[in-house]
Every structure is written in C-alpha cells, then in structure tokens.
2 protein chains.
Amino acid sequence: MQSRFPPTVYLSACDVIHLVQRFGLSRCIAGVAERIERDFLRWPEFDKSARVACHSSDGVIELMPIADAQEFAFKYVNGHPKNTRRGLPTVMAFGVLADVDTGAPRLLSELTLTTAIRTAATSALAARTLARPECRVMALIGNGAQSEFQAIAFRDLVGIHTLRVYDVDPDATAKLVANLNSQRLHVIICNSAAEAARGADIITTVTADKTNATILTPDMIAPGVHINAVGGDCPGKTELHADILARADVFVEYEPQTRIEGDIQQMAPDFPVTELWQVLSGTAAGRKCDTDVTVFDSVGFALEDLSALTFIREMAAQLGIGDIVELIPQTSDPKNLFSVLGPQSADHRVAALV
Amino acid sequence: MQSRFPPTVYLSACDVIHLVQRFGLSRCIAGVAERIERDFLRWPEFDKSARVACHSSDGVIELMPIADAQEFAFKYVNGHPKNTRRGLPTVMAFGVLADVDTGAPRLLSELTLTTAIRTAATSALAARTLARPECRVMALIGNGAQSEFQAIAFRDLVGIHTLRVYDVDPDATAKLVANLNSQRLHVIICNSAAEAARGADIITTVTADKTNATILTPDMIAPGVHINAVGGDCPGKTELHADILARADVFVEYEPQTRIEGDIQQMAPDFPVTELWQVLSGTAAGRKCDTDVTVFDSVGFALEDLSALTFIREMAAQLGIGDIVELIPQTSDPKNLFSVLGPQSADHRVAALV
C-alpha cells in the first residue's frame with residue numbers, strides 16, 4: 001500500500017538554479033508571467049487571504065497561503081533589511097504545493113530565487129497592462145538582490161532599453177551595472193532618486209529599508225509615468241510620498257492585504273484602488289490617457305507564488321530534476337500510526353540511553 | 001562567506017521514527033509535556049494568532065505560526081477524515097523552526113508522528129492539572145491514529161491503568177487493543193460511547209468525522225469527570241452536546257482559536273472559558289471540587305508544536321540525526337542573488353532546449 005502514497009518532490013536551491021540556468025532566466029520570467037496572468041484571470045476561483053505576518057524589531061516572517069479547488073500553496077518568506085550586514089540575504093523563501101482533496105504535500109521548493117523571478121514577472125505584467133505602450137526608459141531605484149530580475153523582466157516584457165539606476169549603496173549599483181553588462185541594456189548611473197526619475201517612462205522602486213521612507217516625491221513624477229512600487233510591502237515600510245498616491249490611479253494585487261502592507265497604508269481606508277486582475281480581465285479600466293500617472297502598489301501576493309510553484313514543478317519534471325523526500329510517515333494501515341514505531345513501541349531502550 | 005550561512009537541518013519521517021524508537025515513546029511524551037508546560041508558563045512572551053485554515057469539501061489545510069523573541073515556528077497540517085479510505089492518514093504534518101532575528105529557516109521536520117506525541121502530551125498535561133488526582137479509568141472514544149499515544153500519555157503522566165475503548169470502526173478498536181497488548185494497561189472493549197463512559201474518571205474523545213457529531217450527551221457524564229475533547233477541532237466539527245459544556249468548567253488552549261474551532265463554537269461568544277496556561281501558572285483556578293465536571297476543549301495550538309520541535313531538535317542533535325538541506329541559495333554577496341545563475345545568466349541555452 002506504500003506505493004499508493006503520493007510522493008513529495010523536493011527542489012533545493014541548487015535544483016532551481018540549475019533549472020533556471022537550463023531554460024534561461026528570460027524564458028523563466030516569461031513563463032512565470034504567463035502563468036501569473038492566466039491565474040489572475042481566474043481570480044474568483046481562489047480562496048484568498050492576507051498573509052500572516054510575524055513582526056520583530058529587525059524584520060518580518062510571513063506565511064502566504066492560497067488555494068483553488070485542486071491545489072493549496074503556501075510560501076514562507078522573511079524580510080530582514082539588516083541581514084546583508086551579516087552576509088545573509090534580506091529575503092529568503094521556500095514553499096509548498098499540496099493536494100486539496102487529501103492534504104498531502106506534493107512539492108517542497110526553494111523560493112528565494114523564484115520569488116525574485118515572480119516579483120519581476122508580476123511587475124512587468126502590471127506595467128505592460130498599465131504603462132504607456134511606448135515606454136523605453138526605466139528608473140531603477142534600489143539596486144539590491146531583486147534589481148537585475150526587474151531589469152530583465154522589463155526589457156523582455158515591456159520593451160525597456162535604458163535604465164537609470166540609483167542606490168544609497170554605490171556598491172550595489174556597481175554590482176547591478178556589472179551584472180547587466182551583457183544584457184543589451186543601456187545603463188545610466190545616477191546620483192539620486194530624483195536624477196534617476198528624470199526622463200523615465202517607468203519608475204521602479206525596490207528598496208529594502210524597513211521605514212516609512214520617501215523615495216519618491218511629487219516633484220519627481222512627470223505626467224504619464226508608471227510607478228512600479230515594489231519595496232513598500234510591510235506595515236511601516238513605504239516608499240512613496242502620499243501626494244503621489246493621491247494624484248495617481250493606484251492598482252494593487254489583493255486589496256485587503258495591500259491596505260495593510262502597501263504604500264496605500266498611508267491613505268484613508270476608502271482610498272480608491274483597482275485590483276490588477278480586474279484590468280487584466282477587462283472588468284475595470286487601467287490607464288485612461290497618456291498623461292495619467294499610474295501606480296502599481298505591489299506587495300507580493302500568494303497567488304503569484306502558486307503560479308511560480310506550478311511553473312517550476314513543470315519545468316523540473318521536464319528536466320527530471322528533484323528528489324523525493326519522506327516528510328510523512330508511511331504505514332500500511334493509515335489508522336495505525338503507532339505501528340511505525342515497531343512491535344514494542346512504548347518505552348524500550350530508554351535504559352540504554354543516558 | 002558560505003560557511004557563515006546558518007544551516008537548515010532536515011528531519012525526515014524516518015529520522016523522527018528512529019529518534020522516538022531510540023529514546024522510547026514514553027520518554028518522548030514526557031519530554032514534550034515538560035517542554036509544553038515550560039513554554040505555557042511563559043505564555044505572554046509569544047506572538048500568538050489563531051491558525052489560518054483553508055477549508056474544502058473533504059477537509060482542511062492549516063498553517064500554525066507562532067514566535068517568541070528568538071524562534072519562529074510553524075506547522076503545516078491537514079485534516080481529511082475520508083483519507084483513510086484511500087490508504088492515507090487523516091492528519092499529515094510537517095513544520096519549521098526559524099531564527100527570528102534573521103528569518104533563516106533552521107529546522108524542517110516531519111510532524112505527523114510528532115503531532116500525535118504533542119497532542120497526547122498536551123492532553124495528559126491538561127488532565128494532570130484539571131482532573132481529580134485519583135483518576136485511574138479512562139474512556140477512549142475514537143481508536144484511530146492518535147489513540148495509542150493518548151493511552152500511553154495518560155498511563156505515564158496521569159496514572160490511568162484501565163481503558164474503556166470504543167470506535168464506530170471495530171477494526172480500529174482491534175488495532176488499538178493489539179497495539180496496547182504489552183503496555184501494562186487493562187483494556188475493556190465497549191459497544192458504545194455510553195458504555196465506554198460508564199465508570200470512567202476521564203473521558204477522551206478523539207474522533208475524526210468532520211461533522212457536528214454528538215459523541216457525548218449529558219446523561220453519560222458522571223459528577224467529577226474530566227473530559228478530554230480532542231476531536232472537535234474545526235468549524236462544523238464538534239463532539240460534545242452543548243449542555244455538557246453549559247454545565248462544566250471549560251478550559252482551552254488559546255481562546256481566540258478555540259472560539260472558532262473548538263466544541264465551544266456551539267456556545268455564545270461570551271461563554272466563559274479559562275486558558276490552560278492560567279491554571280498552570282496559578283493565575284486562575286482549575287477544578288474547584290471533586291464533583292465538578294471539567295472539559296479540556298483541545299484543538300491543538302501552535303505553541304505545542306514549537307515546544308515539540310525544539311524537543312526533537314535537541315534529541316536529534318544528541319543522536320546526530322538529520323541532514324543539511326539547501327533550501328536557501330548561498331551567495332558570497334547577499335545583494336547579488338543574480339550571481340547564482342552564473343556569468344551569462346539571462347537567456348543562454350534557451351535555444352538548446354525544446
């Protein structure tokens with residue numbers, strides 16, 4: 001009866017790195033974006049909730065569950081801006097897919113690299129939907145771990161050919177420039193956020209500080225700009241001046257979560273926003289004219305992780321990547337969990353120890 | 001710099017089975033109970049929330065997070081009563097311990113076997129605190145995967161020597177009786193819940209059906225009985241007649257969660273309950289006299305899993321059990337996640353595939 005037990009596949013960080021290397025980052029970003037769009041178009045099918053956050057002085061740890069009738073997914077993810085000082089990533093993540101009809105976990109995967117890919121894919125999908133079609137220049141403010149992924153996603157899916165980059169940490173900018181060296185992108189290093197924003201069609205903010213920062217102020221925002229606000233994603237962690245939001249059309253992933261975590265946490269609870277899936281499905285308007293300022297107040301939503309998990313599961317299966325892990329004990333009689341301990345299960349061998 | 005990265009230890013189902021076999025189940029139950037009591041005594045130190053449940057027609061999948069200033073823990077657990085028909089366990093679980101100050105996951109472990117141990121440990125701890133001291137006879141209604149663990153925990157921690165057992169499934173009862181054969185317990189097979197309850201000092205209900213069942217009615221409850229109600233743990237899943245609750249002193253783990261999931265979901269929102277930690281710490285009364293009926297309306301709380309996870313981590317370290325898994329990609333520069341993809345990361349090798 002053991003063979004009936006559905007296996008749990010494990011994809012380590014190495015496995016997913018290998019997978020992305022094999023298919024190429026561009027193809028993975030495009031594949032995840034396509035999957036996210038498809039899943040956003042069936043938005044009402046999902047059992048959605050705002051993620052559960054556990055805050056501490058230096059960061060946050062979050063669990064992000066979601067399910068449709070077939071699959072349950074969740075992601076574990078942290079956000080600790082000071083981690084880089086001790087050589088650790090700001091964001092670390094892993095996640096699980098499980099069968100809704102039995103509860104059996106079927107996939108356990110790294111999601112740190114995958115989160116960077118799905119966040120960039122979501123940003124680019126939103127910009128393709130909300131920005132002016134002829135956008136070619138993007139300001140990229142915040143040049144940390146997510147920045148290359150944003151750059152490549154916007155090049156591939158939006159048509160960006162010039163980046164105006166800025167970070168408070170010049171080493172981060174130097175790293176970004178070096179990484180984009182062979183990426184067919186014209187990169188201009190700027191000395192301030194204001195300078196980066198100048199002449200940009202799209203402004204992406206992807207900063208990490210856990211404060212109510214004001215990365216962008218209204219004077220930096222030209223008519224027609226699309227703002228892709230990625231780093232304001234936690235209570236007390238915002239990037240945009242409230243007046244930018246007040247004058248713009250603001251789009252969000254899942255309103256109940258963004259009210260708590262997004263840049264709109266600065267605004268009144270009835271501040272009008274539109275969910276991205278509504279624009280994708282044609283049930284709400286996106287940009288109305290070329291001079292509108294649009295803001296995608298992105299915080300990261302569980303559905304994007306479900307989409308990414310199903311994508312990498314499919315790619316891993318194509319490549320034959322992944323190990324089977326025994327997370328769940330297997331018994332011939334499921335009511336006989338006790339039997340896994342063997343014939344004399346209770347208190348033998350105690351004497352032999354200590 | 002890779003050596004600075006804190007490792008994630010993985011304990012598979014086999015590892016934890018081996019661990020319990022080595023130390024003995026009795027010692028593990030006692031160790032977990034001790035850990036749970038110690039953690040319940042520092043209750044205010046924990047960041048607590050009701051677990052997040054995703055309900056489907058046949059079951060529920062839950063995430064149970066909790067943290068103190070040092071450690072974050074969560075458990076994934078399902079409850080699918082019909083699973084046994086396809087050879088799968090009703091309850092499957094795994095969990096994680098992470099560092100609060102960095103968010104790094106440090107332990108990934110099976111928790112199916114461990115959940116049975118911690119549930120039994122919590123039940124016995126509550127009974128030791130709330131039942132009359134001279135309890136020797138326990139009714140055990142529901143003879144499935146959890147039942148042996150309850151039996152042994154109550155034998156060891158409460159002094160039960162006689163079990164009156166009943167299940168709607170006679171095979172489950174036969175399995176329980178066989179498993180307890182060498183366990184120094186006098187086991188009496190009963191033909192109904194009412195018969196099992198007759199003469200019992202403690203009544204444990206640990207049934208699985210996802211319905212508002214009425215396993216116990218007021219006529220079965222003698223003065224002085226302690227009821228350990230384990231199986232009413234989900235909205236729409238209860239075991240006790242409301243009149244039993246109305247006449248008893250009811251104790252719970254974490255009130256906000258039990259209001260939703262426990263047998264008290266049948267009662268008014270202001271129905272009085274006492275949290276177990278208050279009795280343990282002496283800030284609230286437990287049983288007031290020998291004729292009181294006490295109910296432990298147990299649903300399973302995240303803190304019990306944190307206690308169990310820290311216990312098995314310590315035991316595994318003593319035995320040198322466990323593997324290191326690379327859930328998180330490691331880079332020499334944490335801001336350079338892109339570098340894990342290698343020198344020409346974006347879209348090489350695409351052509352070679354498909």
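I began with what each helix gives to the lining of the second largest cavity, and H1(B) gives the most, with three residues; helices here are DSSP runs (H or I, at least four residues), numbered from the N terminus. I note that this is a predicted model, in which local features need pLDDT of at least 70 and side-chain atom pairs count only at pLDDT 80 or more, while totals for chains, interfaces and linings use all residues. Residues are numbered from 1 along each chain as its sequence is written, chains are lettered from A, and side-chain values use heavy atoms.

I then listed the lining of this second largest cavity: Val16(B), Leu19(B), Val20(B), Cys28(B), Val32(B), Thr114(B), Ile117(B), Phe311(B) and Ile312(B). Two or more residues come from each of helix H1 (13-23), helix H2 (25-40), helix H3 (112-130) and helix H10 (302-319) of chain B. The volume is about 40 Å³, a volume being the space filled by probe spheres set on grid points joined across faces, edges and corners.

I wrote down that a cavity is a set of points on a 1 Å grid over the protein atoms alone where a 1.4 Å probe fits but cannot get out, and that lining residues have an atom within 4 Å of a point.

Next I looked up the largest cavity, with a volume of about 50 Å³, and found Leu19(A), Val20(A), Cys28(A), Val32(A), Thr114(A), Ile117(A), Phe311(A) and Ile312(A) in its lining.

By class, I noted seven nonpolar, one polar and no charged residues for the largest cavity, where Val, Leu, Ile, Phe and Cys are among the nonpolar ones, Asp, Glu, Lys and Arg are charged, and the others are polar.

How values were computed:
On a 1 Å grid over the protein atoms alone, a cavity is a set of points where a 1.4 Å probe fits but cannot get out, and a pocket is an open set with protein on both sides within 12 Å along at least five of seven lines; lining residues have an atom within 4 Å of a point.
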